Amino acid sequence: MSQIDESEKKDYSFPLPIILYDGECHLCVRFMNSFKRMPNTSDYSFIPIQNEEIFSTFPQLNREECFETLHLIDENGKILKAGEAISFLIEKFPMVNKFKW
């Protein structure tokens with residue numbers, strides 16, 4: 001898990017927190033659409049990993065890993081992956097636990 005150093009923080013073109021997802025994966029798109037309909041999720045940015053700018057904005061992201069598993073960049077710039085990202089979302093939004101993975 002990576003975190004943005006204080007000296008690296010800047011105004012990103014993508015407001016934090018960010019959920020990265022595969023915009024060509026039907027399951028991923030369905031998850032994002034369901035998540036967006038939940039209360040209190042409007043502060044999240046939903047960025048498809050096909051958006052090349054995300055990798056230049058956050059060079060610590062590994063493109064191949066992003067295609068393999070869910071990634072979330074929290075409000076502090078910490079990158080959470082896979083189960084850690086899902087646990088984070090479940091803690092903030094318990095209804096996520098009801099989603100069919």
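Me: How many bridges join E1 to E2, and do these strands run parallel or antiparallel?
Reply: The model is predicted; local features need pLDDT of at least 70, side-chain atom pairs count only at pLDDT 80 or more, and totals for chains, interfaces and linings use all residues. Residues are numbered from 1 along each chain as its sequence is written, and side-chain values use heavy atoms, with hydrogens and water left out. Strands (E, at least two residues) and helices (H or I, at least four) are DSSP runs numbered from the N terminus, and two strands pair if DSSP finds at least two bridges between them. Strands E1 and E2 run parallel, and the number of bridges joining them is four.

Me: What is the handedness of the crossover from E1 through H1 to E2?
Reply: Tyr21 stands opposite Pro48 in E2. A crossover is right-handed if, with the strands pointing away from the viewer, the path from the first strand over the helix to the second runs clockwise. The β-α-β crossover from E1 through H1 to E2 is right-handed.

Me: In which sense do E1 and E3 pair?
Reply: Leu20 stands opposite His71 in E3, and the bridge partner of Ile18 in E3 is Ile73. Strand E1 (residues 18–21) and strand E3 (residues 71–73) are joined over three bridges, and the sense is antiparallel.

Me: Which strands stand at the edges of the sheet?
Reply: The sheet is open, with mixed pairing and the strand order E2-E1-E3-E4. Each edge strand has a single partner, so one side of each is left without a neighbour in the sheet; these strands are E2 (45–48) and E4 (79–81).

Me: At what angle to E4 does helix H4 run?
Reply: Axes are lines fitted to C-alpha atoms, for helices over the stretch in contact, and angles run from 0 to 180 degrees between N-to-C directions. Contact means heavy atoms within 4.5 Å. Helix H4 (residues 82–92) lies across E1, E3 and E4, and its angle to E4 is about 105°.

Me: Which residues have the most contacts inside the largest nonpolar core?
Reply: A nonpolar core is a set of buried Ala, Val, Leu, Ile, Met, Phe, Trp, Tyr and Cys residues joined through side-chain atoms within 4.5 Å. Buried means under 20% relative accessible area, exposed over 50%, and partly exposed in between (1.4 Å probe, protein chains only). The largest nonpolar core has 17 residues, and those with the most contacts inside it are Ile19, Phe35, Tyr44, Leu72, Leu89 and Val96. Among its elements, E1, H1 and H4 each supply at least two residues.

Me: Is Asn40 buried or exposed?
Reply: Asn40 lies in the loop between H1 and E2 and has a positive phi of about 70° although it is not a glycine. Most residues other than glycine have a negative phi. With a relative accessibility of 67%, Asn40 counts as exposed.

Me: Which two residues does the cis peptide bond join?
Reply: Pro17 lies in the segment before E1. Omega of the cis peptide bond is about -5°, and the residues joined are Leu16 and Pro17.

Me: Which backbone oxygen does the side chain of Thr57 reach?
Reply: Thr57 is found in helix H2 (residues 53–57) and is buried, with a relative accessible area of 13%. The C-alpha atoms of Thr57 and Ser13 are separated by 8.0 Å, although these residues are 44 residues apart along the chain. At 2.9 Å, the side chain of Thr57 reaches the backbone oxygen of Glu53.

How values were computed:
Polar contact = N/O pair within 3.5 Å; in protein donor to acceptor, adjacent residues only side chain to side chain.
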